[in-house]
Amino acid sequence: AMKLMVELDIACLLVTEGEQLVGIFSERDVLTKCAERFEQIKDHPISLVMTHEPMIIYDTESAAKAINLMAIAGFRHVPILDVDDKVAGIVGPRRVINYLRKFIALE
């Protein structure tokens, strides 16, 4: 999983079983759960170190809800699900900044 994150230059992976989201594996998980014991866990399944049942938003909800969840709960990445609970995307700091730029006049 960490190699894939490096190859794709991404900060997290959404973990699914079939089409259902079961977890998220992020840079924070790498630092807090993997870094010091990498040799012991490097061949273990991602389910041992991912964040299970992550907080989510639905694609029908507002951007404000996503930003609020990130700010209040301290998450850098929040999965987005559709009405059938299937992964529709993810919102992270870059997307939030790009969204906010639409409303801020930069001089």
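What share of the 107 residues of the protein chain count as buried? The share is 30%, where buried means under 20% relative accessible area with a 1.4 Å probe, counting protein chains only.

Before we go on, a word on the source. This is a predicted model, where local features need pLDDT of at least 70 and side-chain atom pairs count only at pLDDT 80 or more, while totals for chains, interfaces and linings use all residues. Residues are numbered from 1 along each chain as its sequence is written, and side-chain values use heavy atoms, leaving out hydrogens and water.

Now, the layout. The protein chain has five helices and six strands; these are DSSP runs, with helices (H or I) of at least four residues and strands (E) of at least two.

Finally, two helices. The axes of α4 (residues 63–73) and α5 (residues 93–101) come within 11 Å and cross at roughly 135°; axes are lines fitted to C-alpha atoms over the stretch in contact, and angles run from 0 to 180 degrees between N-to-C directions. Who meets whom? Ala63, Ile67 and Met70 in α4 meet Pro93, Val96, Tyr99 and Leu100 in α5, with contact meaning heavy atoms within 4.5 Å.

How values were computed. Buried < 20%, exposed > 50% of the residue type's maximum accessible area, 1.4 Å probe, protein only.
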